[in-house]
Structure formats: C-alpha cells, structure tokens
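Please keep the sequence and the 3D view at hand while reading.

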Amino acid sequence: MNVPFKSGSPIDRRRFLGDAARAVGGCLVAGTFLARMATDARALPAQALRPPGALDEAEFLGACIRCGLCVRDCPYDTLALAELGVDGAATGTPFFTARDVPCEMCEDIPCVAACPTGALDHGLTDIDDARMGIAVLIDEEHCLNALGLRCDVCYRVCPVIDKAITLEVEHNARSGHHAKFMPTVHAEACTGCGKCEKSCVLPESAIKVLPIRLARVDAAEHYRLGWEDRQPLVDELIDLPDRLPGPGTDNLVTPGGFEPAFKLPEALK
Amino acid sequence: MSRATRPPVGQEAIAVHGWWHAHRFLVLRRISQLFFLGLFLLGPWAGIWLVKGNLTSSLTLGVLPLSDPFVFLQTLAAGHPPLLTVATGALAGAVIVALVYALIGGRVYCSWVCPVNPVTDAAHWLHTRLGLKKGWQPKRGTRLWVMAMVLAVSALTGSVAWEMVNPISMLHRGLIFGMGFGWTLVAGVFIFDLVLSRRGWCGHLCPVGAFYGLLGERSLLRVSAANRAACDDCMDCFDVCPEAHVISPALRGSAGTSPLILSRDCTNCGRCIDVCPESVFRFTHRFDDRTSDDPVQATQPGATRAA
C-alpha cells in the first residue's frame with residue numbers, strides 16, 4: 001500500500017493538481033478530435049435526404065439519438081440508419097436516397113409519430129407541409145420533355161401534381177413549330193418526397209431532389225417586385241365593363257372605327 | 001502462494017462447489033446479455049416485433065418507451081429543449097431506465113446488458129492466456145473526466161457527441177440495423193484491452209459506464225463479503241473482478257466496518273461469488289451489513305451504517 005498522505009498536505013495537493021492537469025489535458029486532446037468529428041458530421045451529402053419533419057441539420061444532430069424507431073415504422077422501407085464509412089450522413093442517423101426508395105408521403109406520417117425526441121418535429125401533421133428537399137430539373141439537355149418529347153413521368157407521379165410540378169408550354173426553337181412541355185417545380189408546394197427523381201426514365205435521373213440549402217436562395221431584399229408590392233399599380237383604378245367584339249354584341253368592329261386587317265367570316269358578322 | 005504454484009483461478013471453487021455453482025453468475029450474465037440482444041434482434045431477424053429500436057431508445061410491445069439516460073443527457077447538453085421530449089417518449093423512457101438502474105446498481109447495465117462486455121471479457125480472457133503485461137493503467141476516475149468531456153463537446157458542438165464513436169452503439173445498432181465499418185471501433189476496443197491496457201476500456205475509460213456508475217451510487221442491490229472471516233486469501237476474487245479495487249474495503253475491512261461492496265464501480269457481475277471456494281460473497285441489499293466476524297451485530301435490527 002502507498003504511504004497515506006495527510007489530507008491537505010502540499011504533496012497531496014501537488015499530486016492532485018498534477019493528476020487533474022493530466023486528465024484535463026487528455027480530455028482536451030480527445031475532446032478536440034471528438035468535436036472535429038461532430039462538426040464534420042454536419043456535412044450531409046446532397047443525395048441523403050432527412051425524413052419528413054426533420055429539424056435543421058445542426059439542430060437535428062443535437063436531437064436525434066439514432067434509435068431507428070422512424071426506420072422501423074416506415075412502411076415502405078424508405079428510411080435507413082447511416083452506417084459508418086458506408087453512408088455519408090452522420091453515423092446512425094436516418095436518411096433516404098430518393099432514387100432508391102422515395103418517401104411515399106403517408107398521411108399519418110408514422111416516422112414522425114415514432115420519433116422519441118422530436119428530432120422529427122411532431123408539429124408536422126399534414127404531410128404536404130413536409131420539406132425534405134426541393135426537386136430541381138438538373139439536366140435540361142437530356143430531359144425528354146426538354147427535348148420536345150412528351151415523357152411527363154415526373155409530372156404524372158408527383159403526389160402534389162399541378163402544384164409542385166407543372167408543365168409549362170414553351171416554344172420549341174429546334175423544330176420551330178412545336179411546343180416543349182417543361183416540367184417546372186414550384187418550391188412552395190414541393191415536399192421533396194423524391195417520387196419524380198425515382199421515376200425519371202433516364203439511366204440517371206434528370207430531376208433530383210436537393211436539400212433546401214442547395215436548391216433555394218433568398219430573394220435579395222433590396223429588389224422590390226412592383227407588380228407584387230402594389231396591386232393594382234394605380235390606386236382606385238376604375239374597373240369598367242369589358243366590351244369585347246364578337247357575336248352576340250353590337251360591337252362587331254373595334255371601337256374607334258378600326259377595321260381589322262383580316263376578313264371576318266360571313267357567319268360571324 | 002505464487003501464481004505458478006497455485007491452481008488456476010476458480011479451480012478450487014469448482015472442486016468444492018461443482019462447475020455450475022462456480023459459474024452460475026457468469027452463465028446467467030451471458031444468458032442475460034444474449035437475451036437483451038436477442039429481444040432487439042427478434043424483430044429484424046425473425047419478424048417478431050416485441051422490441052423496436054436499439055439501446056439508445058426503444059419501444060417495447062408498442063407501449064413501454066425506454067431511453068438511455070446518458071444519451072438523453074447529451075441531447076440536453078446539445079441544447080435540444082427537453083419540453084419537446086415530454087410527449088414523445090424520450091423523457092419518460094430515460095426516467096424509467098434511470099430509476100431502474102438507480103435501484104439495482106447502475107453498472108448492472110455494464111455487466112448484464114451491454115454488448116461490449118462480452119467483447120472486453122474475451123479480450124481479457126485472451127490477455128490472461130497469452131500472459132500479456134498490464135499495460136497502461138489510467139486512474140479509475142479517468143472515465144469521469146471522459147464523461148465530462150463528452151458532455152462538454154455535446155454542448156460546444158450542439159450534437160450528441162458520444163454517439164459519433166460509442167462502440168456500444170456501433171455494435172448494438174450495427175447488429176440490428178447494419179454495421180458498416182462500425183466493427184472497426186469494436187475491434188479497436190478489443191485490441192486496446194488485449195494489448196495496450198488490461199481491462200482498459202470498461203474499467204477506466206468508458207464514459208457510459210462512468211455515467212451508470214454515478215447513477216447507481218446509492219443503489220440497493222449490493223454484493224457483500226458477509227462471510228469474510230472465512231477468507232483464506234486465495235485471491236481468486238481479485239483475479240476475476242473487473243474492478244478489483246472495489247473488493248478490498250469490504251473483504252479486508254477490520255471488524256466493525258461494513259462488508260458491503262459500496263463502490264459505484266462494482267458492476268454486480270457476481271463473478272466473485274462464483275469463484276470463492278469459501279462462499280464469502282453473496283448478493284444482498286445495501287442495508288444488510290451483517291458479517292460473520294461479529295455475529296452480535298447480525299442480530300441488531302436497523303444496522304444501517306451503510307446507508
């Protein structure tokens with residue numbers, strides 16, 4: 001046995017201070033590595049999407065305890081826990097890859113209901129409000145619709161069809177006399193479920209769900225959109241009834257005596 | 001008696017009490033470890049979902065939430081508002097687990113549940129067989145510093161820091177959800193214990209064990225060297241104990257001192273009870289400080305010096 005030191009003796013104190021300094025030093029070294037790892041883990045790869053209702057990545061990593069209960073309650077096996085050195089997301093945290101298995105947007109959102117810590121926000125009750133990411137038509141040079149064909153698959157599979165993705169008619173300059181039906185994503189309605197990315201018929205998807213931080217920018221505050229700010233542009237605009245030329249009116253010729261360049265068919269006169 | 005001249009550890013107990021008696025707590029402990037791991041594996045492997053999740057948080061039979069209080073503490077340190085977890089189960093789960101271990105001994109988790117325990121026990125078995133050196137032996141209190149470091153890093157980075165590296169989670173979650181390269185950390189612990197530091201991980205460094213130790217500071221279930229008068233100094237208990245320093249105060253205490261092993265480091269593994277040929281040790285509660293060396297005291301009710 002060691003010689004017992006009298007409590008409070010200088011040797012005792014010196015030894016205690018030495019031990020404490022050693023422990024603090026060791027913890028500083030180890031803690032620096034651990035902190036480095038913890039901050040590196042925030043670099044979520046663009047292809048890894050979080051489950052619906054997930055908090056912002058920084059907050060999420062402080063709330064998610066990697067239990068996998070969301071994974072278990074996902075009926076479509078969409079979610080998985082990231083494996084160390086295999087998946088890019090922080091080890092043990094839930095994610096999904098849209099091209100493999102997209103989110104099927106269950107109405108009862110079982111993954112959120114299962115989360116024991118609220119890392120998936122229980123305030124999310126309508127799955128249409130989920131914002132897992134935003135779909136972006138990433139390769140307009142290969143998208144079949146952009147080439148003037150009528151593929152439309154991404155548009156057809158969209159669970160929020162005609163709100164999150166619309167087909168916008170554009171002039172097809174290549175042929176000169178056809179239309180292009182451009183798949184156009186509207187961020188205010190897109191949930192980032194990834195059905196479009198999953199369904200794209202190309203070998204690699206031309207439309208991809210990206211994290212919001214990559215896909216969206218904030219509007220510059222100093223630009224004012226006059227047509228949105230002031231509606232109507234002139235105050236107290238008097239709205240007069242429109243009197244259009246056409247059958248059933250007495251105004252077959254535009255007011256002011258203007259004669260159209262074309263000849264109206266006899267039947268319309 | 002020197003190590004070379006006396007029989008192998010536990011041999012005498014087998015000779016006196018038989019194999020089962022000399023291994024019962026070891027066998028029960030392995031069964032318990034397999035049982036708790038099996039409960040979690042039953043779902044993914046056999047489709048029987050009694051328990052969902054893993055050791056950090058789980059749901060049993062769809063009603064009972066259980067959460068690791070140390071992981072929960074890290075979420076608090078990381079700044080996750082605890083109010084959010086009231087309705088979601090993690091708070092209730094952590095409180096239930098904390099209460100149970102506060103009652104039966106925090107480090108019961110280490111020896112009866114934790115899946116890394118068989119790994120480090122295997123490392124120690126091989127270490128002994130190969131006759132390797134003790135190696136680096138940091139102070140037992142080092143784990144408390146590591147625990148404080150983990151909470152500090154959680155607070156500084158706003159993340160659940162230990163879960164980045166925790167070998168327990170890597171192994172347990174790995175078996176249930178997919179391992180990836182998580183096995184490297186488990187292998188690291190094995191090699192550390194085998195070559196660098198005898199009983200190094202669980203006995204000196206693991207912050208989870210440190211936390212559970214603090215949790216069980218006042219636990220009821222205790223091992224007592226009640227029959228210490230019969231001790232013949234064979235040292236077998238010291239040889240098998242993963243936290244050998246906890247035995248001396250109880251076993252070698254002079255008459256009038258408590259025979260209870262009251263250190264928070266004791267894992268209640270019961271191996272000392274197994275290997276003692278003189279049946280010195282037994283499980284009891286923390287208020288039972290009867291000893292064979294002063295039978296008078298045994299008859300006095302309310303002998304609660306240990307409390």
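In this predicted model, chain A holds an open sheet of three strands, arranged in the order 1-3-2 and paired in the antiparallel sense. Strand 1 (48–49) and strand 2 (80–81) of chain A stand at the edges with a single partner strand each, and therefore one side of each has no neighbour in the sheet. Strands of a sheet pair through backbone hydrogen bonds, in either a parallel or an antiparallel way. Here, strand 1 of chain A is joined to strand 3 (residues 94–97) of chain A over two bridges, and Thr97(A) in strand 3 is the bridge partner of Ala48(A).

| Interface | Buried area | Share on carbon and sulfur atoms | Salt bridges |
|---|---|---|---|
| Chain B and chain A | about 3,200 Å² | 70% | two salt bridges |
| Domain 1 and domain 2 of chain B | about 1,400 Å² | 49% | four salt bridges |

Where chain B meets chain A, 44 residues of chain B are in contact with 40 residues of chain A. In chain B, the residues that lose the most area to chain A are Trp145(B), Met164(B) and Phe177(B), which together make up 21% of what that side buries. The side chains of Lys52(B) and Asp73(A) form a salt bridge, at 2.6 Å from N to O, and 13 residue pairs between the two chains are in polar contact. Helix 7 of chain B gives the most to the side that touches chain A, with six residues, and the residues of that side divide into 23 nonpolar, 17 polar and four charged.

Phe25(B), Arg107(B) and Arg140(B) supply 38% of the area that domain 1 of chain B buries against domain 2, more than any other three residues. The side chain of Arg140(B) also meets that of Glu243(B) in a salt bridge, at 2.9 Å from N to O, while 14 residue pairs are in polar contact across this interface.

Technical notes
Residues are numbered from 1 along each chain as its sequence is written. Chains are lettered from A and ligands numbered from 1 in the order in which they are written. This is a predicted model: local features need pLDDT of at least 70, side-chain atom pairs count only at pLDDT 80 or more; totals for chains, interfaces and linings use all residues. Side-chain values use heavy atoms; hydrogens and water are left out. Two strands pair if DSSP finds at least two bridges between them. Helices (H or I, at least four residues) and strands (E, at least two) are DSSP runs, numbered from the N terminus. Contact means heavy atoms within 4.5 Å. Buried area is the accessible area (1.4 Å probe) that two parts lose on being put together, summed over both. A polar contact is a pair of N or O atoms within 3.5 Å; within protein, one must be able to donate a hydrogen and the other to accept it, and residues adjacent in sequence count only if both atoms are side-chain atoms. Ala, Val, Leu, Ile, Met, Phe, Trp, Tyr, Cys and Pro count as nonpolar, Asp, Glu, Lys and Arg as charged, and the others, Gly among them, as polar.
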